[in-house]
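Please examine the sequence and the three-dimensional structure shown below.

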Amino acid sequence: MQRLSKTIQPDAATVGLQALAYIASDDTLIDRFLALTGMAPAELKENAQDPAVLGAVLDFLLADESLVIAFADASDLSPEAPMRARMGLPGSTAEDW
């Protein structure tokens, strides 16, 4: 995975895809994500670039601060990047954050 500098702010979809790759790289995390969303692996793969799915991925990530920090460190992003990205995808409102 290409690393982006913490000073470069990638677009919301890019952060969402990075978060999905991070979650998918851990069997426990991807199993938990699939169980919580009710999605099948094939459905997730087919819809991985859908902005609503990426929003769900970021919602999952943002529900656990330690996961946010681990993802940010692994992706060389600021810990605020997932929240900013989530606000740029469907289903988010400023009141959520």
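A residue is called buried when its relative accessible area is under 20%, exposed when that area is over 50%, and partly exposed in between, with a 1.4 Å probe and protein chains only. By this criterion, buried residues make up 39% of the 97 residues in the protein chain. The structure is a predicted model, in which local features need pLDDT of at least 70 and side-chain atom pairs count only at pLDDT 80 or more, while totals for chains, interfaces and linings use all residues. Residues are numbered from 1 along each chain as its sequence is written, and side-chain values use heavy atoms, with hydrogens and water left out.

The protein chain contains six helices and zero strands, where helices (H or I, at least four residues) and strands (E, at least two) are DSSP runs numbered from the N terminus. Along the sequence, the pattern is therefore written α-α-α-α-α-α. The accessible surface, computed by the Shrake-Rupley method with a 1.4 Å probe, comes to about 5500 Å², and 54% of it belongs to carbon and sulfur atoms. A contact means heavy atoms within 4.5 Å. Among contacts in the protein chain with a separation of 6 or more, 63% are accounted for by residues 24 or more positions apart.

Nonpolar side chains tend to be buried together in soluble globular proteins. A nonpolar core is a set of buried Ala, Val, Leu, Ile, Met, Phe, Trp, Tyr and Cys residues joined through side-chain atoms within 4.5 Å. The largest such core here has 27 residues, of which I23, F33, L44, L58, L61 and F71 touch the most other members. At least two residues of this core are supplied by each of helix 1, helix 2, helix 4, helix 5 and helix 6 (81-87). Helix 4 gives the largest share, seven residues. As for L44, its contacts, leaving aside neighbours within four places in sequence, are L20, I30, F33, L34, M39 and V53.

The structure also holds two aromatic pairs. Rings of Phe, Tyr and Trp (its six-membered ring) pair if their centres lie within 6.5 Å; planes under 30 degrees apart count as stacked, over 60 as edge-to-face and the rest as tilted. The ring centres of Y22 and F71 are 5.7 Å apart and their planes lie at 65°, so this pair is edge-to-face. It links Y22 in helix 1 (residues 12-24) with F71 in helix 5 (residues 65-75), 49 residues apart. Both Y22 and F71 are buried. F33 and F60 form an edge-to-face pair, with 5.4 Å centre to centre and 80° between the planes. Here F33 in helix 2 (residues 27-37) is joined to F60 in helix 4 (residues 51-62), 27 residues apart. F33 and F60 are both buried.
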